[in-house]
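This report describes a ligand site and a pair of aromatic rings. Please examine the sequence and the structure before reading on.

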Amino acid sequence: MPRSELIVALDVVGAAEALSMVDRLPPEVSWYKIGLELFCAEGPAVIQAVRARGKNVFLDLKLHDIPRTVERAILSAARHGAGMLTVHAAGGRAMLKAAADAARRCPQPPRLIAVTTLTSLDQRDLADLGIMRPPQVHVMSMADMALKQGIHGMVCSPQEVESLRARFGSRTLLVTPGIRPAGSDPGDQKRVATPSAAVRAGADFLVVGRPILEAPDPVTAARAILKEMAV
Ligand code: C5P
C-alpha cells in the first residue's frame, strides 16, 4: 500500500501565524494547504513564503468559472508554486478540460483535485439545485466526468475513499479532510475517520486542520498523527 501523506490546513487569519506554524511543525510535514481565508488575506506572497521553506502548497480555492478564466487562474497559481489545486467538478466538462490542459502546459504541472459535491450539501440542498439523484450517485458521476477530462483526483470524505478507490483504481489521487484522531472533537465535521482508518481505506493525502492547529501542543499532535499514519 503506498504511504499516505499529511497536509496541514493553514486555516489561520494571517501569514505570520501560518508561517510560525510551518516553522514549528516537524520537518516530515511537507504539504500545507492554503485556503480561501488565508489567500484572500495575504495573496500569492503567502504561497511563496511557504514554498521558500521547502514545502509543497495545496491551494484550495475551489475554482469554478468559465473555462478561459479557470485556465488562466491555474497558469497563475502554478507560477506562484502551488503544487496541487482544487476545482469544482460542477464547472462542467469544458471547464475541467481547460483546467487539465492548462496544468499540463505548466513548467511544474500542478495536480488538479476536483470537489465533486460540497460536503455541506445534503440531499435536500441538492434537490434545491435541481439534483434529484442520491448524493453518493451524484459524487460518483461527477468524479467520473472530472477524471475523463484529465483531472488527477478528488476531495472526498474518509467514508467515500474505499468505494472511489474500487471504482477508479490506484492512479486517482484521493484527498480526505474530516480526519480526527481517536477521542478528539469532530467540530463541524460529520463524517470523520481516524488517521489510521483513512490510510487503511486507501487515501493518498490526509488534510488535517484543527486537531493540529488547536492542540495544546501542535508539534506533539502532528507527530502523533504522522506516527499513526505510518503503521
Ligand atoms: O480543521 P479540520 O481538520 O476539519 O480542517 C479540514 C480542512 O479541510 C479545512 O480547511 C476545510 O475547509 C477543508 N475541507 C473540508 N471538507 C471538504 C473540503 C475541504 O473539511 N469537503
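## Pocket and model

On a 1 Å grid over the protein atoms alone, a pocket is an open set of points with protein on both sides within 12 Å along at least five of seven lines. A molecule sits in a pocket if more than half of its atoms lie within 2 Å of its grid points. By this rule, the ligand sits in the largest pocket.

The model is predicted, with local features requiring pLDDT of at least 70 and side-chain atom pairs pLDDT 80 or more, while totals for chains, interfaces and linings use all residues. Residues are numbered from 1 along each chain as its sequence is written, and side-chain values use heavy atoms, without hydrogens and water.

## Contacts of the ligand

Around the ligand are 14 residues, of which D11, R180, Q189, G209 and R210 come nearest; a residue counts as near if one of its heavy atoms lies within 4 Å.

Polar contacts are pairs of N or O atoms within 3.5 Å. A ligand oxygen is 2.6 Å from a side-chain N or O atom of D11, and a ligand oxygen is 2.7 Å from one of Q189. A ligand nitrogen lies 3.1 Å from a side-chain N or O atom of T119.

## The aromatic pair

There is one aromatic pair in the structure; rings of Phe, Tyr and Trp (its six-membered ring) pair if their centres lie within 6.5 Å, and planes under 30 degrees apart count as stacked, over 60 as edge-to-face and the rest as tilted. The rings of W31 and F205 have centres 5.5 Å apart and planes at 75 degrees, so this pair is edge-to-face.

Definitions and conventions. Polar contact = N/O pair within 3.5 Å; in protein donor to acceptor, adjacent residues only side chain to side chain. 1 Å grid on protein atoms, 1.4 Å probe; cavity = no way out; pocket = protein on both sides within 12 Å on 5 of 7 lines; lining within 4 Å.
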